[in-house]
Amino acid sequence: METIPMPAINFAAVMPETILSVFAMVLLLVNVFVPGKQKAYLAYLSLIGIIAAGVSVFNAWDAPLALREGFNGSVLQDNFSLFFKGIFLVSAALTLLISDQYLNRENCNHGEIYPLILLSTAGMMLMASGTDLMTIFLGLEVLSVSLYVLAGFNRDNVKSNEAGLKYFLLGAFSTGFLLYGMALTYGATGSTKIGSIASFVAQNAAVTANPLFLVGMLLMAVGFSFKIAAAPFHMWTPDVYEGAPTPITAFMSAGPKAAGFAAFIRVMIFAFPTLKADWSDLLWILAVLTMTVGNIIALSQDNIKRMLAYSSIAHAGYALVGFAAGNAEGAAGILFYMLSYAFMNIGAFAIIVLIGKKGEANNNIADFAGLGFRRPVLALLMAIFLFSLAGIPPMVGFVGKFYLFSAAIKSGFIWLAIIGVLNSAASVYYYLRVMVYMYMKDPVEEFDWVKVTPAIALSLLISVAGVMIPGVVPGYLLQLAQKAVLF
Amino acid sequence: MLGAYLPIIVLVAVAAAFGLGSIILSSLIGQKKPSDVKMSPYECGCDPVGSARERFSIKFYIIAMLFILFDIEAVFLYPWAVLFKRLGMFGLMEMGVFIVILFVGYIYVWKKGALEWE
């Protein structure tokens, strides 16, 4: 009897994912076998896992092709995916550092949150390095299912429950779009491998007129737009971001959004390079809508988590500007921007975690009144993160936006860049509003419940370093990003 | 090619006509002598007890969910068993990894007390 040949597996190509999954499983068991109410040690064990995965990401940078491809070419750990893996690991690590205090305060300190964060990070990684539509889908599901649970993790809070359910329903709905698009693309081209789709399209030019193929691409774009929260597919974002536990909101706005961009870029640029004129126009419209909707609605928000949710929609719009440009500078700009966005956004959410009170209270912008007089260091940090989000020069947010918009101008999308800059200017209003409350209103409260634990201090320190250092000397990170998009 | 579906369409049409026809004809020419017993909802021949919209204990859902998980595992084992010899050592190891992952979940569920009814 002949044996079925063993496919080329190459575990080196999925090393970071494997490390995180193994750690997640071990932590799951440690959680049930070690008695006790204190679960903080699980966060530190998770951090060890993340550092181990980070070392393997670091070692895989610039590795030869033979070490990168795995699972019969459905996984490719190139520099592009490695850069994204770095973003995911940074987001997960910063989230772990800020979550312990929050969980204790909200009385939902169940140890399962740590394995779930690790598993969703592994899903993101698989999504970033997938070169087969099925692998990307698998990564997306691992990521999403963990996140649905995480969004509803604060079981006793009604809003958290609402967030979990809403995210689950709309996420499942958007996954349907994505999967249908993949199925139609498979029907039109006969393959789910991104490389094979591209070569089929190159050899059969007639397929670009096939409605099946075009609708497939369009539905996939819709599915990914849901995941990156681009308007008009952003409806779930404010409610989910507001209701989800604050550290998880920070995680959701940084990691999964970057993962969505990773897969979106991979599919559009690799599988449909011949349709660039089509998807570039599409992304042009999406970018303008997303920036404008996000910024305008953010102007009138009073809840700071909701405000940052709309701001995160707007930031997806800025990244889409670089994507619409469709050139290497734009792609590098997105990579750079997603990393800097992780630093500045999780930093801002860390402050929100500190200011918040039990039961998700004290999350309004007005609750920051007088923070600058009572806790000047925290207020200064918050100001730095908000200035960076607004795109004010010495911070990294400015550099990121600069590269995205200049990529758009290089591709001739001058109007798109102008709309982006106008939007960015409008966004300054709602970031400054928080600062007006912090520095120009009299303090209502003493902020005596605000206790900066060493973990949160470390997270704030990393975030502020990630905002300030690349803001002043962006060269090194930018070179990494540019190297990552040399496909 | 669509012609192949004609018998199915005919079958659907006949089924619809039969169902609708029976209801319409019996309402037109049938006798109607309603009584309390005849008008009451029918529940397996017994007298109906309470509303059907009751809350079920969450235990049922947990058990059903766990059943599905481990049921799927068994489904995966069958094709693997059929091809066991042709898959060789590789297949054994892959299935080993799969079972270990599920086993971790099983231990978790057990320790968490989800399998206890009380």
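This is a predicted model: local features need pLDDT of at least 70, side-chain atom pairs count only at pLDDT 80 or more; totals for chains, interfaces and linings use all residues.
Visitor: In chain A, what share of the contacts between residues at least 6 apart in sequence joins residues at least 24 apart?
Guide: Residues are numbered from 1 along each chain as its sequence is written, while chains are lettered from A and ligands numbered from 1 in the order in which they are written. Two residues are in contact if their C-beta atoms, placed from the backbone, lie within 7 Å. Among the contacts you ask about, the share is 80%.

Visitor: Which residues of helix α8 in chain A are buried?
Guide: Helices are DSSP runs of H or I with at least four residues, numbered from the N terminus, and α8 of chain A covers residues 194-203. A residue is buried if 20 or more other C-beta atoms, placed from the backbone, lie within 10 Å of its own, exposed if 12 or fewer, and partly exposed in between. In α8 of chain A the buried ones are A:Ile194, A:Ile197 and A:Val201.

Visitor: Why do the buried residues of α8(A) line one face of the helix, and within what arc do they fall?
Guide: The arc is that of the directions from the helix axis to the C-beta atoms. On the other side of α8(A), A:Ala202 and A:Gln203 are exposed. The buried residues line one face because, seen down the axis, they fall within an arc of 60°.

Definitions and conventions. Helices (H or I, at least four residues) and strands (E, at least two) are DSSP runs, numbered from the N terminus.
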